[in-house]
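I am opening a notebook on a structure that is new to me. I will write down what I look up, one topic at a time.

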Amino acid sequence: MLRSKMNAAVLALVCALGIAAMPGPARAVLTIRITESTEAALPIAIVPFGFAGGAAGARAPENIGQIVADDLARTGRFDPIAFPDLPSRPSSVADVNFGDWRILGTANLVIGRVEARGPEQYAITFRLFDVFRATQLAGFEIVATTRDLRRTAHQISDIVYETLTGERGAFDTRVAYVTEGRDANGERRYALQVADSDGANPFPVLDSVQPILSPSWSPDGARLAYVSYEAGRPQVYVQELATGRRDAVAAFPGTNGAPAFSPDGSRLALTLSKDGNHEIYVLDLAGRRLRRITDDPAIDTEPAWSPDGASIVFTSDRGGKPQIYQVPASGGEARRMTFVASDDYNARASFSPDGRRLAFVHGVGGRFRIAVLDLETSAVNVLTDTRLDESPSFAPNGTMILYATVSGGSSVLAAVSTDGRMRQQLAATEGKAREPAWSPFRSRR
Amino acid sequence: MSARTVREKLVAGALAVVVHVGLLAILLVSLDWKAPAIDAGGEAAPIEAVVVDETRVAAEIERIREQERTVKEAERERVEKLAREAEEATQQRLDEQRRLADLQRQLAEARLQHEAELRNREQLEAERLAELKQRQEEQAAQVEQLRVRERQLEAERQAEETRLREAAEQRQREAERQRVAREERERLEAEQQRLEAEKQRAEADRARIEEERRVAEERARRADEERKVAEEEKRRAEAERQQAEAQRRQAEAEKQRVDAERAKAEAERQRAEAERERIERERRAAEEQKRIAEQERQRIEEQKRVAEEQKRKLEEERRVADEKRREAEKARQRAEDERQRKEAELALQEALAAEQRELDKARSDLRGRQLAEYVGQIKASVQRNWKRPPSSARGLKCTVLVVQLPGGEVAKVEVVESSGNRLFDRSVQEAIFRSSPLPLPRDPSLFSREIQFEFDPRD
């Protein structure tokens, strides 16, 4: 950086001397100000990955190029070129002709190859190029089993995203949600599912004939807290994903609901009605000690921690209609946070990972949409235009919000970029999908 | 049953054989062990120790053979016994089977007989049931007849009762009617008597009321007369009172009139006195006025004299001032002439300078216009090619230094000042590369190998 600045200074000096020799007044280097532009996603060319090895005519088990293109498109920041419009399909450096891609005006090119190394074993290589400078920006080889191929694709997306934007990608993460459907006998069944961030590879970690609600990730992504009615009434459980071991951590009389892990993972904020009214409590998981946070005759529920762990936001109808309030995590005076002009209904808040924004459900005239409150400017931005949106949660890098909405008569999962420009449904699931929660970052492999 | 018994017996026999063979083996083995023990005392080489007593051996062998024979005999006897037993058992089994067959046949016969009996009994039962049913039906018919008869009797009894009840009721009603008629008659008579008495009492009342009314009227008439007399008296008294009042008012008015006349005379006297004083005051004022007027006349006389003196002085002064003004006007005229001459000189110089400037400007304007055109073309091209990332923060700025080849191809893009946002910086560099080759100027001397671009979006 310093060197480039010095170079610029030297250049400017040389220019100035050169121009000074000419007749007329002396000038500095010719400077042009650019003020007009079109706001558009960055074009990127992602070539379908080549396949080598295995039996003749065999194909790669997953279309990695497509998964990466879909991941990047979903952010609203990249505009991958459709496969049929690609001028060529190189899979190794030797096949790349940068001239082709320059004509296309695409600055970034991703190529890759999947190579069968044995049964269920693959080596995936990929490279990201700067087309105009004809340089490689990133290149890796990753070994994976068939089962891990999709995850590898998401990891490639993360590397491309981080190289080009400077921000960590959140593609190699998971989402937890609840599905509701009917089994072969027509019995209603609920399942707690964990899927990839694009909704693929759903895996039920709990199956029940009674409702399941409000999954919440532990900050290390190893456990889920949720509400289950399996005991005939709502109780809060914590389940370890690796072992399936689960514990009923809150089974007090009345409602046990809306658990939320503290940022250090040692406590749960939750809603209990054991003292006669729905109030927010904090449960210390090691000592099982309870601390009451709110005390109001209204209903207080849906707690969510600030990323610094210092405060909790929650929904309360103490002002007549549900609104969002903030209270110190040790209890104390609650402060109202939402003052939207229409003032109808604001609930189910969750913090952005940087703690500067709050996503929540904003209801006006029977339409419930996802909105974001900027805590510095108090500006509210409504991101969706559907009717029954619920349960927003930020991606761990803060660029997107996962939520559930109603489409085609069923409840589905969707994601919206935090500027509201890009909205997309996640891969379809069987039955109705509700109450999604985006996992924290996974440790890098 | 018999088959099983035979098998068990065969197994028992086989077991016995095994036991015997086993015993024999043990015997043999023990002999084997005992033989060397006999010569165990010698320390000589093992090969020399095989010296034995032939007779003992023969006797021993004989003994063993004897034993074997005994065992074999016993075994043979046992096997024969077993075979016998087996045969007996087979015989028994056959007997048993025959017995069973007989039994089954007997059973079958008995069953057939029993079934016949059952059928017979069922028939009898059916007949009995039919008879019973018939008897029941007959009984039912009899019961029905009895019931009908009963109903008839009941109906007759009820009819009789009704008739008797009606007759009794008729009688009762008649007696009642007579009693009511009698009572009515009595009641009417009593009423009539009561009405008569009532009438007489009313008559008496009317007479009494008439008398009372008459007395009251008389009393009212008298009262009226008395009232009239009283009113007459009151009117008279009022007239007298009014008369007295009028007299009193007249006296009062007279007194007031006398008082008024006295007051008027006094006022007249006071007015005359005041008039006299006023005339005296006016006379004194007139004298004073005359004196003041004299003084004023003297003062005006003096003022007139002073004013004439001043006028004379002023005229003298004006004459001197006019003289001075005429001289000043002459001086100003001279100065104005001088200034106009100088201005004309300056204007000439200015015109000459302007002409020079005009020439310079024309020369540089062409260059300026061509440079502006060059910059405008580059700017348009880059702006057309700049795709700014969406949702990038407001106020991002990025400055790059671009080195181009003589044909306008971009050779190098270097970020001089980053926006701090990698994606924004990339979009800027891409805009430059996408605009390559950059437009060229009309005047080649205007070509700039290096151009600095400041990307500073307006919104």
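**Entry 1: salt bridges**

How many salt bridges does the structure hold over all chains? I count 99 of them over all chains. I note at the start that this is a predicted model.

I picked one pair to follow. B:R426 forms a salt bridge with A:D130. The closest N and O atoms are 3.6 Å apart. I checked this against the cut-off, which puts the nitrogen within 4 Å of a carboxyl oxygen. The pair crosses between chains. On one side, B:R426 sits in helix 3 of chain B. On the other, A:D130 belongs to strand 7 of chain A, residues 121–130.

**Entry 2: where chain B meets chain A**

That pair took me to the interface. How many salt bridges does the rule find across the interface of chain B and chain A? It finds four. I also looked up polar contacts there, and 20 residue pairs qualify, with both residues at pLDDT 80 or more.

Next I asked which elements of chain B supply the side that touches chain A. I list helix 2 (54–385), strand 1 (387–388), strand 3 (410–417), helix 3 (422–434) and strand 4 (450–455) of chain B. Each supplies at least two residues of that side. By class, the side of chain B that touches chain A has 18 nonpolar, seven polar and 13 charged residues.

Then I took the contact counts. On chain B, 38 residues are in contact with 41 residues of chain A. The two chains bury about 3,900 Å² between them. Of that area, 54% is on carbon and sulfur atoms. Which three residues supply more than any other three of the area that chain B buries against chain A? They are B:P390, B:L423 and B:R426, with 16% of that area. I meet B:R426 here again, the residue in the salt bridge with A:D130.

**Entry 3: strands that pair between chains**

I looked for strand pairing across the two chains. Strand 2 of chain A, residues 38–39, is joined to strand 1 of chain B by two bridges. Do these strands run parallel or antiparallel? They run parallel. For one position, I find A:T38 opposite B:K387 in strand 1 of chain B.

**Entry 4: a sheet in chain A**

Strand 26 (residues 367–374) and strand 27 of chain A pair in the antiparallel sense over three bridges. Within that pairing, A:V372 has A:N381 of strand 27 as its bridge partner.

A:R348 lies in strand 24 of chain A. Its phi is near 55 degrees, a positive value in a residue other than glycine.

**Entry 5: another sheet in chain A**

A:G257 stands opposite A:T271 in strand 17 of chain A.

**Entry 6: a cis peptide bond**

A cis peptide bond joins B:S436 and B:P437, with omega about -5 degrees. Where is B:P437 found? I place B:P437 in the loop between helix 3 and strand 4 of chain B.

Key. Residues numbered from 1 in each chain as written. Chains lettered and ligands numbered in written order. Predicted model: local features only at pLDDT ≥ 70, side-chain atom pairs only at ≥ 80, totals over all residues. Heavy atoms only, no water. Pairing = 2+ DSSP bridges. Helix = DSSP H or I, 4+ residues; strand = E, 2+ residues; numbered from the N terminus. Contact = heavy atoms within 4.5 Å. Buried area = accessible area lost by both parts, 1.4 Å probe. Salt bridge = Lys/Arg side-chain N within 4 Å of Asp/Glu carboxyl O. Polar contact = N/O pair within 3.5 Å; in protein donor to acceptor, adjacent residues only side chain to side chain. Nonpolar A, V, L, I, M, F, W, Y, C, P; charged D, E, K, R; others polar.
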